[in-house]
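Me: I have a model open and would like to go through its packing with you. Could we start with a pair of helices?

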Amino acid sequence: MTLVLGGARSGKSRYAEGLIEALPGPWLYVATAQAWDDEMRARIAEHRARRPAPWETVDAPRDLASVIRRAPAGRPVLVDCLTLWLTNAMLDEDADLAAERDALVESCRTAAGPMVLVSNEVGLSIVPENALARRFRDEAGRLHQRLAAMADRVVLVVAGLPMILKGEAR
Amino acid sequence: MTLVLGGARSGKSRYAEGLIEALPGPWLYVATAQAWDDEMRARIAEHRARRPAPWETVDAPRDLASVIRRAPAGRPVLVDCLTLWLTNAMLDEDADLAAERDALVESCRTAAGPMVLVSNEVGLSIVPENALARRFRDEAGRLHQRLAAMADRVVLVVAGLPMILKGEAR
Amino acid sequence: MTLVLGGARSGKSRYAEGLIEALPGPWLYVATAQAWDDEMRARIAEHRARRPAPWETVDAPRDLASVIRRAPAGRPVLVDCLTLWLTNAMLDEDADLAAERDALVESCRTAAGPMVLVSNEVGLSIVPENALARRFRDEAGRLHQRLAAMADRVVLVVAGLPMILKGEAR
């Protein structure tokens, strides 16, 4: 399992796609984006336009863990991205966030095939004034630490270039 | 002296504790947090819960330089964290910030024993709208540069993983 | 061509100046700052005070591409910084941002002499609430990716210390 972290427009998605496309297809793209507004719809469209077959796309804005569990054995899986899933989960007032997070981590741990997880690194700024934003970056940071601890490779992408945090460069 | 930088919930405190705990104890934990509200109190409690004996904890929300100067010779010292100290100093209208900063840097330069300083990297975002926030990240950046220049090792922690900026990996 | 990225007060400008000053002078400093207010004026003055002759300073808050194209052949050029230029371009309602960005990238690609470009990495935080700020960090991220792809060296400066993203350390 590879965890690809990066800032906004850092090229992390493209880098992650390249990792999967180096493997034999077909590939499963697990999209967590939820189209709340036009800006988000435009971003989703732009991302999809980059992925012709043999990519198969599955939307998983909320139930990410079970989509990962149900992925065909051996199929390379790209999850893009964890921070959007976390946003959706935190905005869902009925969600049991701790349980969902544990289920997600467990699904990643037991995944049968190669998997690349993409997520936004969001903690390298001053403390946000907004309490929800503070909670969000705490949750994201904790999730990244747990996944990084069990990942084979962790990469931070800056300006399209990978910095290897864990595992071998390639 | 080691400077450990990292974002929110990056695992920087835990990494820094590991550096100190690799040395013979007892260890001195210098806590700079000031409990302004319940959120802060919860964070402080969570951090303390991770530190049983042989950790000794000293609170230094304001007079950090003299606490560092008075540390028993040879005792490993962990300061967690500089950005909280800087926040407290900047919110104290009677403080002479430049003088306090110089005293802090000097106390670190002349410290007798091994020391690990933890601080938040806060500059990797768009310019904050709030003028105090802008001043804060300027002050933090300048302080980090001065301490990094004289440190033996500087580490940036991302998702619990260390990136070595200066000195040897270990 | 070298791209130097870094956060606020990360020491990126000083690091970039050192790269140019290691080359035979005279050196051309291309300043993109526009003095909108006193805070900005103070920052510009502080930066200028660090640059005696043989630095020659040219202001290019808007027409950066043509200043780069007109630089004397072989003259080492420092551009500080791209994010200020991008700010100026985005605040100019009459600007054709895509065309200006393409012209800038092209001027960098065809520059005759050694060039160092400084820019702020601004994407490693939570999503800004302000729509213009979101657009700004998207534009900055895309520009960095394009320039990084064609640069010989890319460096991320943290606390005054360089992390090499591309090219050789030196």
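Me: Is the crossing of α5(B) and α6(B) left-handed or right-handed?
Reply: The crossing of α5(B) and α6(B) is right-handed, that is, the near helix is turned clockwise from the far one by less than a right angle. Helices here are DSSP runs (H or I, at least four residues), numbered from the N terminus. This is a predicted model: local features need pLDDT of at least 70, side-chain atom pairs count only at pLDDT 80 or more, and totals for chains, interfaces and linings use all residues. Residues are numbered from 1 along each chain as its sequence is written, chains are lettered from A in the order in which they are written, and side-chain values use heavy atoms, without hydrogens and water.

Me: Which residues of α5(B) and α6(B) make the contact?
Reply: Among them are B:Leu97, B:Leu104 and B:Cys108 of α5(B), with B:Glu139, B:Leu143 and B:Met150 of α6(B); contact means heavy atoms within 4.5 Å.

Me: And by class?
Reply: The contact of α5(B) with α6(B) has 7 nonpolar, no polar and 6 charged residues. Ala, Val, Leu, Ile, Met, Phe, Trp, Tyr, Cys and Pro count as nonpolar, Asp, Glu, Lys and Arg as charged, and the others, Gly among them, as polar.

Me: Changing topic, how many residues of chain A are in contact with chain B?
Reply: On chain A there are 20, in contact with 24 residues of chain B.

Me: What area do chain A and chain B bury between them?
Reply: About 1800 Å², 63% of it on carbon and sulfur atoms; this is the accessible area (1.4 Å probe) lost on being put together, summed over both. A:Leu124, A:Ile126 and A:Leu165 supply 37% of the area that chain A buries against chain B, more than any other three residues.

Note on methods. Helices (H or I, at least four residues) and strands (E, at least two) are DSSP runs, numbered from the N terminus. Buried area is the accessible area (1.4 Å probe) that two parts lose on being put together, summed over both.
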